[in-house]
Amino acid sequence: MSFIISTHINYYFICRRKLWLFTHGIHMEHESDLVYEGRMIGEVSYTDRSKKYTEIEIMGSKIDYYDPNRKIVHEVKKSDQMEIAHEWQVKYYIWLLKQSGIEDVEGILEYPKMKIKKKVILTEEDENTLKQIVKDIELIINQKSCPPCIHKKYCHSCSYFDFCYIIE
């Protein structure tokens, strides 16, 4: 089994090409204004949160805000455009915590610009799905060549857009 982190889970739902590129050391996020904006929203939206909650790293995945008393993972996102990817990322955090012996954890997805919060729970069915997702990710990242472009509307806002759509 490969070392799967939450970013792999998120990219699995967004774009398999992005997942493969990221895993093979091609990182474009540092050049993206949208990624920077999302990071800033996370940092300025709940300014006193870091005093109350703990940042933890578990099996390579970093959870920015974890409330160990109430057993709640908080995940802040810019928009709900990729909500399914966000939900599975939080479910993966909960699953990792469960594998580490921390039971009954819940998650809260927070979209401060939209003033929306959504509760995330991990079911037994989700755990089985995550096992399959991890296997799928391993297959994708072990492919010898990069998956093709997916040509989705949201590709224009992806940090890998120039890389994927450059014409030589």
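1. In this predicted model, R16, L19, W20 and T23 of helix α2 are in contact with I137, I140 and I141 of helix α6. Sorted by class, the residues of this contact comprise five nonpolar, one polar and one charged. Helix α2 spans residues 16-23, and its axis lies 9 Å from that of α6 at an angle of about 65 degrees. Angles of 65 to 115 degrees count as roughly perpendicular, and α2 and α6 are therefore assigned to that class. The crossing of α2 past α6 is right-handed.

2. Helix α1 (residues 6-14) also packs on α6: the two axes come within 10 Å and cross at roughly 80 degrees. The pair α1 and α6 is therefore roughly perpendicular as well. On the α1 side the contact involves H8, I9, Y12 and F13, and on the α6 side L130, I133, D136, I137 and I140. Seven of these residues are nonpolar, one is polar and one is charged.

3. From α5, the residues W88, K91, Y92, W95 and K98 meet D126, E127, T129, L130, K131, I133 and V134 of α6. The class composition here is six nonpolar, one polar and five charged residues.

4. Turning to the strands, β1 (residues 54-58) pairs with β2 in the antiparallel sense over four bridges. Within this pairing, I56 is placed opposite I63 of β2. The two strands form a hairpin with two residues between them, and M59 in the turn has a positive phi of about 50 degrees.

5. Strand β2 is also joined to β3 (residues 72-76) by three bridges, and these strands run antiparallel. Y66 has V73 of β3 as its bridge partner. The hairpin of β2 and β3 has four residues between the strands, and K71 takes a positive phi near 55 degrees there.

6. Why is strand β2 described as largely enclosed by the rest of the structure? The reason is that five of the seven residues of β2 (residues 61-67) are buried, where buried means under 20% relative accessible area.

Technical notes:
Residues numbered from 1 in each chain as written. Predicted model: local features only at pLDDT ≥ 70, side-chain atom pairs only at ≥ 80, totals over all residues. Heavy atoms only, no water. Buried < 20%, exposed > 50% of the residue type's maximum accessible area, 1.4 Å probe, protein only. Pairing = 2+ DSSP bridges. Contact = heavy atoms within 4.5 Å. Nonpolar A, V, L, I, M, F, W, Y, C, P; charged D, E, K, R; others polar. Axes fitted to C-alpha atoms, helices over the stretch in contact; angles between N-to-C directions. Parallel < 35°, antiparallel > 145°, perpendicular 65-115°, else oblique. Left-handed = near helix turned anticlockwise from the far one by under 90°.
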